[in-house]
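Please open the model in your viewer and keep the selection panel at hand. The stops below say what to select next and what is to be found there.

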Amino acid sequence: MSEYVVELKNITKRFPGVVALKNMSIGIRPGEIHGLIGENGAGKSTLIKVLTGVHTPEEGEIYVDGQKVVFHNPVQSREAGIACVYQELNIVKQLSVTDNVFMGRAVKKNGLLDYPRMYEEAKQALTTLGHPEIDVKMECGKLGTGQQQMVEIAKAVSLDAKLIIMDEPTSSLGKEEINQLMETVRGLKAKGVAILFVSHKLEELFELCDRVTVMRDGEHIVTQDIGDMTEDSLINAMVGRTLDNLYPKEFGVKGDVWLEARNLNEAGVLHDVSFKAYGGQITGFAGLVGAGRTETMRAIFGADRLDSGEIYVKGEKVHIRTPKDAIKKKIAFLTEDRKGQGLVLSLDVRTNLILANMKGFSNGPFLNKGKIEKSGQDNVESLRIKTPSLDEVTAQLSGGNQQKVVIGKWVNTDADIFIFDEPTRGIDVGAKIEVYHVMNDLVKAGKCVIMVSSELPEILAMSDHVVVMRGGRVMANIDRDTPHFNSEDIMKAAWGGELD
């Protein structure tokens, strides 16, 4: 009997121009929470696709309960007891919870859908996960993100999965939802289910996992008990070097007010929001989920319509009704949703990098191909975008490298004001540092940078000034050189408390 419920041995998977996995091996034990970590482009996504039957490797072997198997499609993987909860939830929001749980494998009786049985089994699965309150007949679109994720996990539980892969499961969740998810994962472990927990958040791995496997450049680097590792040793294994400074803050010269909001109002969303952001500085926006930070940025960029309020750019009152107006005023907006709003995934890397400034890459009515090529190569080098070539379809890149393409797109404009909304969400430590260096370069060039982040250490490390929001209102404005510039006071303001 094998000690592993699922084991990969010497897996190699090639794509045109790149070896995504090279002699990769990993074994997951029953009832184990096994962490998987690596930089973007390390091969984690390809490994998941091999496990779930999306890709068939050219070399190597897969074993389930000690028996060699070959997966040619996801159905075969699922029948072998392997399920995956992806970072981008595969929920059909117009369908009920039960319909989503039984998607592609509906139970029938006398040729008709057996809803009574499916309702019961869906309810049992959710009860097992500690969420009996979720109505199995409700449309999934009416559930919160955390509950939708529980529906995805219930789908895996109802399959009687031996191994559940969780790909960045906390990336879109609030603190309370994360705590609920972790309790659910621990409950599955107690029932003997194996969990492969893929995350960029080191604190989650140390809190939750029994062992962790580190990948780099498609290869296995180390598998070790989490208790025998430190944050430094884990990072060193990931990136092949020590990272003495996770937050390489550099200071620009504080300039004039380049962006000012006065009493911005949007019915039910924003209430008298006012703040100032300066050239040569990073202005951080902190707050809990739903505080109104993203909504403020969308309103400034013209993506959402304000009911009242004034916006000033370099002291001049401006009227921004559309994103096109904002771009003309030299405002760049790196959205939180890079896939839905930041990129055209079906287009190549080269094209995505110039989307925000095609006029700047034109000679009259024609695009300057030489200029586009040189700029694209410069972006790939400076941002360390891992791609076989500029011709690669952007959808084929890892999440972190897609984020770098979004950054490159806006860096290629002549913007003066850069709004970064959750710029490091879902990317690894090494890629985060590269994003911070981009911000540093911008402020040293005198640009105005606004950073919306749910990571308090990131806010404290990189911001020169912090605006704290709650319920669509500004609760505090805190400069770096004041006594209130600390995690306790920022969180106090985020919860609605008044600072002395």
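Predicted model: local features only at pLDDT ≥ 70, side-chain atom pairs only at ≥ 80, totals over all residues.

**Stop 1: helices H5 and H6**

Select residues 145–158, which form helix H5, together with residues 175–190, which form helix H6; their axes come within 10 Å and cross at roughly 15°. Since angles under 35 degrees count as roughly parallel, H5 and H6 are therefore roughly parallel to each other. The crossing in which H5 passes H6 is right-handed. To see the contact itself, show the side chains of Thr145, Gly146, Gln149, Met150, Ile153 and Val157 in H5, which meet Glu177, Gln180, Leu181, Thr184 and Leu188 in H6. The residues of this contact of H5 with H6 comprise five nonpolar, five polar and one charged.

**Stop 2: helices H14 and H15**

Next, select helix H14 (residues 399–411) and H15, whose axes come within 11 Å and cross at roughly 10°, so that H14 and H15 are likewise roughly parallel to each other. Here Lys404, Ile407 and Val411 of H14 meet Ala431, Glu434, Val435 and Val438 of H15. By class, the contact of H14 with H15 has five nonpolar and two charged residues, with no polar ones.

**Stop 3: the largest nonpolar core**

Which residues touch the most other members of the largest nonpolar core? Select Leu259, Phe275 and Ile490, which hold that place among the 72 residues of this core. Helix H15 (residues 429–444), already on display, gives the most to this core, with seven residues. If you centre the view on Leu259 and leave out residues up to four places away in sequence, Leu259 touches Phe275, Lys276, Ala277, Ile300, Ile311, Tyr312, Val313, Ile417 and Ile450. Apart from this core lies another, of 51 residues, which includes Ile164, Ile195, Leu234 and Ile235.

Is Ile417 buried or exposed? With a relative accessibility of 1%, Ile417 counts as buried, because the cut-off for a buried residue is under 20%. Leaving aside neighbours within four places in sequence, Ile417 is in contact with Trp258, Leu259, Val313, Lys330, Ile331, Ala332 and Cys448. For a sense of distance, draw a line from the C-alpha of Ile417 to that of Met229: the two residues are 188 apart in sequence and 41 Å apart in space.

**Stop 4: two loop residues**

Select His55, in the loop between helix H1 (44–51) and strand E4 (59–64). His55 is buried, with a relative accessible area of 17%, and, not counting residues up to four places away in sequence, His55 touches Lys13, Phe15, Thr46, Lys49 and Val50.

Then go to Asp337, in the loop between strand E18 (331–334) and helix H11 (338–342), where Asp337 is partly exposed, with a relative accessible area of 37%. A line from C-alpha to C-alpha between Asp337 and Arg425 spans 9.8 Å, although these residues are 88 apart in sequence.

**Stop 5: two positive phi angles**

Most residues other than glycine have a negative phi. Asp160, however, has a positive phi near 60°; select this residue in the loop between H5 and strand E9 (163–167), where Asp160 is exposed, with a relative accessible area of 66%. Finally, select Asn263 in strand E13 (residues 257–266), which has a positive phi of about 55° although it is not a glycine. Asn263 is partly exposed, with a relative accessible area of 42%.

How values were computed:
Residues numbered from 1 in each chain as written. Heavy atoms only, no water. Axes fitted to C-alpha atoms, helices over the stretch in contact; angles between N-to-C directions. Helix = DSSP H or I, 4+ residues; strand = E, 2+ residues; numbered from the N terminus. Parallel < 35°, antiparallel > 145°, perpendicular 65-115°, else oblique. Left-handed = near helix turned anticlockwise from the far one by under 90°. Contact = heavy atoms within 4.5 Å. Nonpolar A, V, L, I, M, F, W, Y, C, P; charged D, E, K, R; others polar. Core = buried A, V, L, I, M, F, W, Y, C linked by side-chain atoms within 4.5 Å. Buried < 20%, exposed > 50% of the residue type's maximum accessible area, 1.4 Å probe, protein only.
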